[in-house]
Amino acid sequence: MRRYDADVLVIGAGPAGATVAYWLASWGFSVLMVEHYSLPRYKPCGGALTQRTLQWLQPLDVSPVLEAWVNTLVLQSPDGDRFTVTFPRPLIATTMRDKLDTFLVDTALAIGAKIRTKEPALRCEQHPERVEVITSKGSYAARVLVGADGANSVVAHQLNLKPKRRALSLVAELPPHTLDRWMGGIHLHFPLRLNGYAWCFPKGNHLSAGLYTLRSHLPNWRPWLDRYLTDLALQDDCQEMGARGHPIPLADKHTEFHRGAALVIGDAGGLADPFTGEGIAWAIRSARMASIFVRLFLEHEETDALEEYTQAVRKEILPEMAAAIRFAFVLFSLPRLSFRRFLQHERVLQNFAKLLSGEVSYQTLWRKTLHKAFLLLRS
Ligand SMILES: Cc1cc2nc3c(=O)[nH]c(=O)nc-3n(C[C@H](O)[C@H](O)[C@H](O)COP(=O)(O)OP(=O)(O)OC[C@H]3O[C@@H](n4cnc5c(N)ncnc54)[C@H](O)[C@@H]3O)c2cc1C
């Protein structure tokens with residue numbers, strides 16, 4: 001009788017789940033992904049991939065599913081002033097999530113991982129030598145469970161690993177003809193009191209626009225988006241929009257990322273950038289880290305390996321998130337001042353570009369900013 005259906009059971013086949021499945025399958029472990037929907041499926045997401053994300057994805061090359069490269073940034077202050085910078089290298093690439101996620105899943109399947117789709121996980125149980133997941137169609141047992149089931153993770157909820165804080169984001173895909181009127185580049189606007197920003201950028205044959213806020217509720221989001229689109233003269237193109245706010249969980253220093261033989265990655269662990277709302281990079285990064293600790297656990301019976309995953313996330317990812325949220329607090333709560341003092345300076349924007357490309361960290365930038373503020377106070 002088989003005791004396990006797979007060495008590793010991965011719940012959720014988004015970027016985090018597909019990446020961890022890819023790495024573990026490439027090392028010869030049996031991996032079963034269990035996904036709620038049939039693929040490809042729509043995922044509300046801006047689909048912006050920074051250079052850092054593309055680096056972290058390597059050796060996987062996702063260029064077949066990229067829609068556009070953008071190297072111009074237009075920043076708009078609360079008073080409507082605009083500053084445009086064009087960088088020599090693209091700042092971001094854009095993708096449609098149905099295509100990206102299917103591409104990553106296919107890559108994992110090609111190397112030996114398996115998947116069950118249209119099968120939501122409902123519950124998970126930890127037993128002395130196995131974890132078990134009960135789905136809408138049956139149950140599966142494995143040696144390790146990876147929760148990669150996104151912002152409303154059943155695994156994180158069941159294992160009491162759910163991050164307490166959350167941000168919100170919503171996206172509207174605009175019709176293709178809006179591209180003809182677009183100024184080009186990524187447009188970011190920081191309205192007073194949103195506690196976040198509004199964005200718009202081209203994505204292949206259309207424009208994608210949305211809001212990101214550190215508020216955990218934005219019941220009346222429509223006027224915010226309408227005002228923004230009016231500003232961009234795009235309001236008439238956005239009438240049939242079914243957009244609504246989606247949570248982006250945010251971990252803090254108290255968050256745990258494992259329990260027994262189970263761990264959480266990506267949005268399930270609250271591993272997204274609290275300043276930009278960028279989560280794909282961190283889904284990939286945490287998936288790669290998790291795969292290494294799961295490998296140690298499986299190959300060497302290192303029972304502490306998953307505990308070490310929590311420690312590694314706290315050491316390598318959370319300090320970066322903590323620095324990111326400091327920038328968010330300053331810029332989102334004092335957007336006018338931030339524009340006057342910082343954002344209209346090309347050097348600051350060059351640093352922001354370096355941040356997105358992974359050349360500099362939030363922690364380094366924060367130290368530099370504090371140093372500059374100190375010098376300003378002394379002068
Ligand atoms: C409006 C919006 C815009 C965003 N824009 C960007 C952006 O431009 N760039 C960026 O980097 N990040 C962006 N993000 C964040 C990004 O979408 C997430 O951080 C990223 O998708 C996390 O990847 P993941 O694999 O952890 O989770 P997901 O991509 O959410 O994947 C989770 C998977 O698990 C499946 N699942 C869920 N529950 C179950 C269950 N019970 N059983 C089985 N399967 C289940 C889901 O169907 C899904 O396929 C945005 C988020 C939002 C809401």
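Me: Before we start, what makes a residue count as buried here?
Reply: A residue is buried if 20 or more other C-beta atoms lie within 10 Å of its own. Keep in mind that this is a predicted model.

Me: Okay, so which residues of α7 are buried?
Reply: In α7 those are Ala305, Leu306, Tyr309 and Val313. They sit on the same side of α7, because they cover an arc of only 95 degrees around the axis.

Me: Why would residues a few places apart point the same way?
Reply: An α-helix has 3.6 residues a turn, so residues three or four places apart point the same way.

Me: Nice! What do the buried residues of α7 pack against?
Reply: Their partners are β17 (258-259), β18 (262-264), α6 (280-300) and α8 (318-333).

Me: Let's jump to α10. Which of its residues are buried?
Reply: Phe352, Ala353, Leu355 and Leu356 are the buried residues of α10. Looking down the axis, they fall within an arc of 155 degrees, so they line one face of the helix.

Me: And what's on the face turned away from that buried side?
Reply: There you'll find Glu346 and Arg347, which are exposed. Just after α10 comes Gly358, with a positive phi of about 85 degrees.

Me: New topic: which residues come nearest to the ligand?
Reply: Of the 40 residues around the ligand, the nearest are Gly12, Gly14, Gly46, Gly266 and Gly279. The shell divides into 22 nonpolar, 13 polar and five charged residues.

Me: Where does the ligand lie relative to the domains?
Reply: It lies between domain 1 and domain 2, because both give residues to the shell around the ligand.

Note on methods:
Residues numbered from 1 in each chain as written. Predicted model: local features only at pLDDT ≥ 70, side-chain atom pairs only at ≥ 80, totals over all residues. Buried ≥ 20, exposed ≤ 12 C-beta atoms within 10 Å, placed from the backbone. Helix = DSSP H or I, 4+ residues; strand = E, 2+ residues; numbered from the N terminus. Arc of directions from axis to C-beta. Contact = placed C-beta atoms within 7 Å. Near = placed C-beta within 6 Å. Nonpolar A, V, L, I, M, F, W, Y, C, P; charged D, E, K, R; others polar. Domains from an automatic or database assignment.
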